Every structure is written in structure tokens, then in C-alpha cells.
Amino acid sequence: MTTLRREFFDRSVHDVAPELIGATLLVDGVGGVIVEVEAYDHEDPAAHGFRGKTARNASMFGAAGHAYVYRSYGVHWCLNFVCEGVGVASAVLIRALEPVNGLETMRARRGVANDRLLCAGPGRLCQALGITREHDGLALDEPPFELLSRAVEPEVLRGPRVGITKAAERPWRYGLAASRFLSRSFRR
């Protein structure tokens with residue numbers, strides 16, 4: 001496995017998103033295998049950047065290969081990987097991980113013993129990894145982040161996104177086939 005550099009993200013969000021399935025995400029050494037993501041491009045009415053740049057979404061308009069972290073419904077932090085380059089506002093939402101490294105730390109942060117519930121969903125994932133607004137705008141190829149390429153090409157499922165109302169039917173959600181760590185199952 002090799003480190004994913006910023007250049008990996010400097011292309012279409014629709015190419016990057018499925019290629020993240022099976023990659024490893026660590027934050028200060030805590031994390032695991034990415035098993036579910038969603039793509040949001042600059043022409044997508046569900047994307048935060050669709051209506052233009054604001055203080056909240058400024059990182060989404062920044063350079064590819066950086067984190068865009070925002071608060072969902074004022075409760076949960078969500079982690080996105082910025083794609084395509086400055087001014088484009090496309091990003092991949094990291095929805096779920098298979099927890100592998102730092103299990104005790106994740107269990108303590110989440111207050112749960114069931115490993116399936118540690119990182120199944122973007123809010124749970126951020127809580128388990130200790131992601132906050134302080135991570136917004138940070139480069140993904142520098143500490144505290146470490147992103148490693150997948151060792152093998154997995155079977156990737158594709159389907160409609162979840163938890164949104166605008167453009168929800170677009171098949172821009174990707175997941176690792178047969179993973180028990182998905183936030184929600186895919187319809188076959």
C-alpha cells in the first residue's frame with residue numbers, strides 16, 4: 001500500500017469516490033478501511049458548494065486533497081475529501097469505515113462496544129476518529145491524516161445516496177460489497 005497524495009484527488013469526484021473503497025484512512029493512527037462514500041460534484045444541487053462559496057464551505061472550494069469538515073444538523077461532524085481543484089467545489093463524503101486501528105480509542109470516544117457501530121455513518125465515523133472543525137482545510141497527505149491505497153481492487157457496489165432530499169436518486173453512493181460496516185445496505 002502506498003500513501004495517497006493530493007494529486008490522487010485532483011480529478012473528477014466520480015473517479016475518485018469508487019477508488020477510495022478499500023483504501024485505509026487513519027487520523028493520528030486511529031481508523032480503518034473505507035467501506036462507504038458518496039460523491040458530490042459542483043453541479044449537484046445536494047452539494048454544499050452548489051449555491052456558492054460561504055464561510056462554512058470555503059474548504060470545499062480549495063485545493064484537491066484537503067479535508068472539508070462541516071457540522072450536520074448542528075450535531076455531527078462530517079468528513080469530506082475535496083476533489084478536482086481550486087474553485088470547483090466537489091467532494092467525497094466518507095460515510096463508513098471498517099474499524100481496524102485504535103479500536104479501544106474509538107470505543108471510548110463513541111461509548112459503544114459493538115465494533116459495527118463505531119464508524120457506520122459519517123457522524124459516528126468522525127466521533128470515533130476524533131474529527132472536528134479543527135481538521136477542516138488540512139491536507140490529507142500530512143499528519144494527522146494518513147491515507148493508504150487499497151491493496152486489492154474490491155467489488156464496489158453503487159446506488160442512490162442516502163440522508164438527502166435533493167438529487168437523492170443519483171447513483172453516487174459507493175460501498176464495499178458484503179461489508180457489515182456499511183451505514184446502510186445497498187439494494188441489489
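His66 sits in the loop between strand S2 (residues 30-40) and strand S3 (67-72). Helices (H or I, at least four residues) and strands (E, at least two) are DSSP runs, numbered from the N terminus. This is a predicted model: local features need pLDDT of at least 70, side-chain atom pairs count only at pLDDT 80 or more, and totals for chains, interfaces and linings use all residues. Residues are numbered from 1 along each chain as its sequence is written, and side-chain values use heavy atoms, with hydrogens and water left out.

**His66**

- His66 counts as buried because its relative accessibility is 16%. Buried means under 20% relative accessible area, exposed over 50%, and partly exposed in between (1.4 Å probe, protein chains only).
- A polar atom of the His66 side chain lies 3.2 Å from the backbone oxygen of Ala63.
- Leaving out residues up to four places away in sequence, His66 touches Arg6, Asn80, Phe81, Val82, Gly137, Leu138, Ala139 and Leu140. Contact here means heavy atoms within 4.5 Å.

- Ten of the eleven residues of S2 are buried, leaving the strand mostly covered.
- Two strands pair if DSSP finds at least two bridges between them.
- S1 and S2 run antiparallel and are joined by four bridges. Leu26 stands opposite Gly31 in S2.
- The hairpin of S1 and S2 has two residues between the strands. In this hairpin, Asp28 takes a positive phi near 50 degrees.
- S2 and S5 also run antiparallel, with nine bridges between them. Gly31 has Asn101 as its bridge partner in S5.
- Strand S8 (residues 173-176) runs antiparallel to S2, and three bridges join the two. Glu38 stands opposite Arg173 in S8.
- In a regular strand the side chains alternate between the two faces of the sheet.

**Helix H4**

- Helix H4 spans residues 122-129 and is mostly covered, with six of its eight residues buried.
- Those buried residues are Pro122, Gly123, Leu125, Cys126, Ala128 and Leu129.
- Their cover includes strands S1 (24-27), S2 (30-40), S4 (76-83) and S5 (90-101), along with helix H3 (103-110).
- Gly130 follows H4 and has a positive phi, near 75 degrees.

Note on methods
A polar contact is a pair of N or O atoms within 3.5 Å; within protein, one must be able to donate a hydrogen and the other to accept it, and residues adjacent in sequence count only if both atoms are side-chain atoms.
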